[in-house]
Amino acid sequence: MRKLWLIFAQTVTIALAAYFVVATLRPDWLGHRTTVVSLRESGGGDHAPAPANSFRDAARQALPAVVYIYTSQEIKRPRHPLLDDPIFRHFFGDRPDVPAQRSSGLGSGVIVSSNGYILTNNHVVEGADAIEIALADTRKFRARVVGSDPESDLAVLQIRPGPNETLPSITFGLMENVRVGDSVLAI
């Protein structure tokens with residue numbers, strides 16, 4: 001009886017697999033009609049009204065304040081213990097220290113004030129020797145860490161724009177206006 005059940009299960013599995021392959025690749029063999037939907041851009045461009053569930057306007061407003069964060073860090077490799085052994089040094093001489101390597105990272109953040117404060121995650125800038133910020137309009141700035149909190153994984157950076165340079169920034173909403181179940185947008 002067990003052997004009969006095993007043969008039945010294998011037969012059903014193979015038949016279902018064959019059906020799905022045919023239904024996917026050649027649905028006309030099964031008599032299914034295929035509808036092709038073509039998407040094209042409307043002639044209105046950016047001025048076309050956004051659908052009701054679209055975040056287009058919010059993204060357009062916030063995107064200039066989103067920044068790329070490039071970090072680099074010098075990593076020192078530990079010296080091998082044999083290099084300190086006097087017998088090893090007698091036969092092979094003094095070996096120079098192993099040169100340090102650089103590690104780089106990439107993250108994102110958002111400009112929260114027009115005087116150059118940027119909010120990001122702590123893990124993005126943790127241990128970084130050099131931090132460079134790239135704005136959406138391709139401008140680049142050196143940044144420094146103003147404060148960080150590893151426990152909440154938040155960090156605040158600061159860049160110094162020139163006297164005639166303006167920075168786009170976001171504005172924070174009021175906590176009283178937010179409820180559980182509201183839609184949010186991450187850019």
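**Reading the model**

Mentor: Helices (H or I, at least four residues) and strands (E, at least two) are DSSP runs, numbered from the N terminus. This is a predicted model, in which local features need pLDDT of at least 70 and side-chain atom pairs count only at pLDDT 80 or more, while totals for chains, interfaces and linings use all residues. Residues are numbered from 1 along each chain as its sequence is written, and side-chain values use heavy atoms, with hydrogens and water left out.

Trainee: Is S72 buried or exposed?

Mentor: Buried means under 20% relative accessible area, exposed over 50%, and partly exposed in between (1.4 Å probe, protein chains only). S72 counts as buried because its relative accessibility is 18%.

Trainee: What does S72 touch?

Mentor: Contact means heavy atoms within 4.5 Å. Not counting residues up to four places away in sequence, S72 touches R102, S103, S104, A128, D129 and A130. With R102 there is also a polar contact of 3.0 Å between the side chains. A polar contact is a pair of N or O atoms within 3.5 Å; within protein, one must be able to donate a hydrogen and the other to accept it, and residues adjacent in sequence count only if both atoms are side-chain atoms.

Trainee: How do I read the nonpolar core, and which residues touch the most other members?

Mentor: In soluble globular proteins, nonpolar side chains tend to be buried together. A nonpolar core is a set of buried Ala, Val, Leu, Ile, Met, Phe, Trp, Tyr and Cys residues joined through side-chain atoms within 4.5 Å. The largest one here has 17 residues, and I69, I133, L135, L157 and I159 touch the most other members. Two or more residues come from each of β1, β2 (101-111), α4 (122-125), β4 (130-134), β5 (140-149) and β6 (154-159). With three residues, β6 gives the most to this core.

Trainee: How buried is L157?

Mentor: L157, in strand β6, is buried because its relative accessible area is 0%. Beyond four places in sequence, the contacts of L157 include I69, Y117, V125, I133 and V145.

Trainee: Where is N122, and what is around it?

Mentor: N122 sits in helix α4. A relative accessible area of 5% is why N122 counts as buried. Leaving aside neighbours within four places in sequence, N122 is in contact with S148, D149, P150, D153, L154 and A155.

Trainee: Which residues have a positive phi although they are not glycine?

Mentor: Most residues other than glycine have a negative phi. Here T138 has a positive phi of about 75 degrees, and D153 has one of about 60 degrees. T138 lies in the loop between β4 and β5 and counts as exposed because its relative accessibility is 67%. D153 lies in the loop between β5 and β6; at 22%, D153 counts as partly exposed.

Trainee: How many helices and strands does the chain have?

Mentor: There are four helices and six strands, and from the N terminus on they run α-α-β-α-β-β-α-β-β-β. Of the 187 residues, 17% count as buried. Among contacts between residues at least 6 apart in sequence, 67% join residues at least 24 apart.
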